[in-house]
Amino acid sequence: VEVPKGVHCLSLYFQNYDSQSGSDNKLRDYEIEIRRPAETQALALKGDPLAHARVTDFWGGVYKQFAVAGPAKYVVYIKRDRSYVTKLLGLFIDRAVLDPSIEKKPLPGFDNVKYAAPEPPDNLDTDNNPNLSSAVDLWDAVVDSVDKRAAIPLEQQLGIWVYRAGVANKAPDSLLASWRWQLGIWNEGDRQEFDKAMKEAFKAYQKKNPDAGKDGGNASVLEK
């Protein structure tokens with residue numbers, strides 16, 4: 001995997017979609033290792049990995065995410081252990097800190113369908129709410145420290161604390177929505193908004209690509 005300049009989130013998506021069709025399929029259990037590339041595979045797999053994770057109980061789908069810095073190349077080694085095969089359904093690289101100078105191009109179907117990160121309120125008044133003020137200050141400190149190695153393990157934990165403090169101190173809905181987006185946590189309203197946008201985008205994509213979704217059955221599912 002080639003990672004561009006800057007701090008990025010490397011996400012791997014796994015789903016054990018046929019776990020109910022065979023007695024052995026449900027027992028899949030993988031190990032993931034992030035390693036430095038080398039001249040040969042044997043050399044790349046020598047020594048300790050830079051990071052590792054385990055994938056188990058993933059019938060409903062699971063993401064495994066790693067913080068990586070570039071420009072650099074990394075080897076993603078997925079060990080099947082005693083499983084019959086490994087399945088990797090998606091690999092994504094997202095910038096941890098958005099660069100406004102980089103031109104954003106819409107995904108297929110999203111030319112006219114809008115689905116973007118919620119914007120936090122422009123003028124947030126926390127003068128009479130010191131607890132919320134402290135939560136906002138902590139959030140800003142976490143965001144500003146995203147490129148620091150020691151901050152990475154604390155980012156999600158501190159972010160959850162900030163979000164809980166925001167809920168307890170009646171933070172504006174727009175601020176909570178922005179925090180949820182960046183933390184990767186959803187409520188029912190977020191899921192409904194996502195489902196609606198995906199259906200509209202897929203229909204827009206089908207207009208330009210009439211055969212899309214016919215083989216996999218996705219079209220009939222989304223039309224429902």
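Q: Which residues does S178 touch, leaving out those up to four places away in sequence?
A: S178 touches P118 and P120. Keep in mind as we go that this is a predicted model.

Q: Where does S178 sit, and is S178 buried or exposed?
A: S178 lies in helix α4, which covers residues 173–183. Its relative accessibility is 5%, so S178 counts as buried, the cut-off for that being under 20%.

Q: OK, zooming out. How many helices and strands does the protein have?
A: There are six helices and six strands. Starting at the N terminus, the elements run β-β-α-β-β-β-β-α-α-α-α-α.

Q: And how much of the protein is buried?
A: Of its 224 residues, 28% count as buried. The accessible surface comes to about 15,700 Å², and 50% of that belongs to carbon and sulfur atoms.

Q: What size of box do the C-alpha atoms fill?
A: Roughly 60 × 50 × 40 Å, taken along the principal axes.

Q: Let's look at α2. How many residues does helix α2 have, and how far does it reach?
A: Helix α2 runs over residues 130–144, which is 15 residues. From first C-alpha to last, α2 reaches 21 Å, close to the 21 Å expected at 1.5 Å a residue.

Q: Which residues of α2 are buried?
A: Those are L132, A135, V136, W139 and V142. They cover an arc of only 120° around the axis, which puts them on the same side of α2.

Q: Why do residues three or four places apart in an α-helix point the same way?
A: An α-helix has 3.6 residues a turn, so residues with that spacing point the same way.

Q: What does the buried side of α2 pack against?
A: The buried residues of α2 pack against α3 and α4. On the face turned away from that buried side, α2 carries the exposed residues P130 and D144.

Q: Then α3 is next. Which residues of α3 are buried?
A: In α3 the buried residues are L158, G159, V162, Y163 and G166. Their arc around the axis is only 145°, which puts them on the same side of α3. These buried residues pack against α2 and α4.

Q: What's exposed on the other side of α3?
A: There you'll find P153, R164 and A168 exposed.

Q: How far does α3 reach?
A: With 17 residues, α3 reaches 25 Å from its first C-alpha to its last, close to the 24 Å expected at 1.5 Å a residue. Just after α3, K170 takes a positive phi of about 55°.

Q: Switching topic: how many aromatic pairs does the structure hold?
A: Nine. One of them joins Y115 and W181: the ring centres are 5.3 Å apart and the planes are at 45°, so the pair is tilted.

Q: Where in the chain are Y115 and W181?
A: Y115 is in the loop between β6 and α2, while W181 is in helix α4.

Q: How accessible are Y115 and W181?
A: Y115 has a relative accessibility of 24% and counts as partly exposed. W181 is partly exposed too, with a relative accessible area of 37%.

Q: What about the rings of W186 and F194?
A: Their centres lie 5.1 Å apart with the planes at 65°, so that pair is edge-to-face. W186 is partly exposed at 39%, and F194 is partly exposed at 28%. Ring pairs link Y115, W181, W186 and F194 into a cluster.

Q: Which residue lies over the face of Y17?
A: That's K87, at 3.9 Å from the ring centre.

Q: Last stop, the start of the chain. Which strand holds P4, and what does P4 touch?
A: P4 is in strand β1, residues 2–14. Not counting residues up to four places away in sequence, P4 touches G70, P71 and I93. P4 counts as partly exposed, at 44% relative accessibility.

Q: How far is P4 from R95?
A: Their C-alpha atoms are separated by 8.8 Å, and the two residues are 91 apart along the chain.

Q: And over the whole protein, how many of the contacts join residues at least 24 apart?
A: Among contacts between residues at least 6 apart in sequence, 71% do.

Conventions: Residues are numbered from 1 along each chain as its sequence is written. This is a predicted model: local features need pLDDT of at least 70, side-chain atom pairs count only at pLDDT 80 or more; totals for chains, interfaces and linings use all residues. Side-chain values use heavy atoms; hydrogens and water are left out. Helices (H or I, at least four residues) and strands (E, at least two) are DSSP runs, numbered from the N terminus. Buried means under 20% relative accessible area, exposed over 50%, partly exposed in between (1.4 Å probe, protein chains only). Contact means heavy atoms within 4.5 Å. The expected span of a helix is 1.5 Å times one less than its number of residues. The arc is that of the directions from the helix axis to the C-beta atoms. Rings of Phe, Tyr and Trp (its six-membered ring) pair if their centres lie within 6.5 Å; planes under 30 degrees apart count as stacked, over 60 as edge-to-face and the rest as tilted. A charge sits over a ring if NZ of Lys or CZ of Arg is within 6 Å of the ring centre and within 35 degrees of the ring normal. Accessible areas come from the Shrake-Rupley method with a 1.4 Å probe; for residues, only the protein chains shown count as cover.
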